[in-house]
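Welcome! Take a moment to turn the model around on your screen before reading on.

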Amino acid sequence: MPPLIFRKGLNLKHEVAHVLAESYHSDLVTRIKDDGYRYESGRLTVHLAREFGFCYGVDRAVDYAYQARRKFGDRQVFLTGEIIHNPHVNEQLRAQGIRFLSDPGETMDALSPADVVILPAFGISIELLEQLQDRGCDLVDTTCGSVLNVWKNVKRYADDGFTSIIHGKYWHEETRATASQARRGGTLRPGSGQDGHYLVVLDKTEAAQVCDYIRRPHDSDASAPSTALRAGRRAAFMTVFEHAVSAGFDPDVHLERVGCANQTTMLSSESLEIGEMFRAAMRERYGDAELASRFRAFDTICSATQDRQDAVIALLAEQPLDLMLVIGGYNSSNTFNLARICAESLPTFHIAEPAALISATEIRHRPVGSTQETTVGRWLPDGPVRIGLTSGASTPDNLVDQVIGRLDALANP
Ligand code: SF4
């Protein structure tokens, strides 16, 4: 029998609902929402953002993983890696007996048709999917619909001969998967027989470098010194973007038609600005008349990311706060961007777990802009204290609950 791919769950939603509730739900958080997203105790006031925590894609992925474990109780069930970027959730899945192919000692080579593999919410690359299909495993695909929407757009770009400019992190699983779609999409272009191309830009600084390259014509002067200059410029460009472009990418050729897209969890305002930067560069280089045939853009930030960013911006505008706590895995892109927004206005602590609140005088967090976790003192002010709280799309409510409990204990000993 050919391998099966389950994309709509396994009809066991009700059977696993109680386990999910026990593992991730919080009565306290529900009560705080009912009380206007405000928690007061002694000298402590906590204001919750109006949108935070598990998004629809994560909810669904975790649900399907539990359904898969239950349905295939007599088979080995694997995840390709983290199902979402939250250490607590991944540990819970390990406790259910789900194995991670990314763990030391695990290998794809050992997979057989008897095994089941769950694909994460942020999707996997086409190459990895093909490897799993070659092994004959049954698959439970939890790729989020919002990620599929990005894939649809970049495939269309490639089909039409456009290079995908992806605002994202080239090393992030979702962006790697999206890039693979952009590349393979090109092979569908009638008569082309060629791969499509992509370029990943991390931020406005990198986008400005690419826009600068687009603006300055490279091929109008064929004199020898100019040719040498061109080659040097091209080499410098490729050094910067070495890991962020498709195989065979040539900036002198593959920036002539570009389509913008983004990793779903980037900072929305920055993605929009980057799109406009490319639009302006293409207009400057080719003129208004050619813009429509050379530039396209789709905002592919997902609505859950947008809602969480909007909610934290509203919280910062509406409530006088002493500090912000942002809860979520350090490798969670959407959590990082929530912390970035907050850090522009207030002392902000991005913490990965409740235990990071070590004491009233010590907190373990990762400062915005740093790659290292650090422990600092004197974070909790004396006297009445107002704390804003939000959490990333991969953080369950029970962790928010524990953080509030810990805050209460530290503020009101
Ligand atoms: S963050 Fe957005 S794209 Fe990612 S799983 Fe959640 S809803 Fe889907």
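How many of the 413 residues of the chain count as buried? The share is 53%, where buried means under 20% relative accessible area, exposed over 50%, and partly exposed in between (1.4 Å probe, protein chains only). Please keep in mind that this is a predicted model, in which local features need pLDDT of at least 70, side-chain atom pairs count only at pLDDT 80 or more, and totals for chains, interfaces and linings use all residues. Residues are numbered from 1 along each chain as its sequence is written, and side-chain values use heavy atoms, with hydrogens and water left out.

**The whole chain**

- The chain holds 15 helices and 17 strands; helices (H or I, at least four residues) and strands (E, at least two) are DSSP runs, numbered from the N terminus.
- Its radius of gyration, taken over C-alpha atoms, is 24 Å, close to the 22 Å that the globule rule gives for 413 residues, so the chain is as compact as a globular protein of that length. That rule is 2.2 Å times the number of residues to the power 0.38.
- The C-alpha trace spans about 75 × 60 × 35 Å along its principal axes.
- Among contacts (heavy atoms within 4.5 Å) with a separation of 6 or more, 71% are between residues 24 or more positions apart.

**The parallel sheet**

- An open sheet is formed by 5 strands in the order E1-E7-E6-E4-E5, with parallel pairing; two strands pair if DSSP finds at least two bridges between them.
- Strand E1 (5-6) and strand E5 (99-100) each have a single partner strand, so one side of each is left without a neighbour in the sheet.
- Within this sheet, strand E6 (residues 116-119) pairs with strand E7 (residues 138-141) in the parallel sense over 4 bridges. Valine 116 has aspartate 138 in E7 as its bridge partner.

**A hairpin to find**

- Strand E2 (residues 38-41) and strand E3 (residues 44-48) run antiparallel, joined by 4 bridges.
- Tyr39 and Ser41 lie on the covered face of E2, while Arg38 and Glu40 lie on the uncovered one.
- Tyrosine 39 has valine 46 in E3 as its bridge partner.
- The hairpin of E2 and E3 has 2 residues between the strands, and glycine 42 takes a positive phi near 55 degrees there.

- Asparagine 153 sits in helix H6 (residues 145-159).
- With 3% relative accessibility, asparagine 153 counts as buried.
- Leaving aside residues up to four places away in sequence, asparagine 153 touches Phe298 and Thr300.
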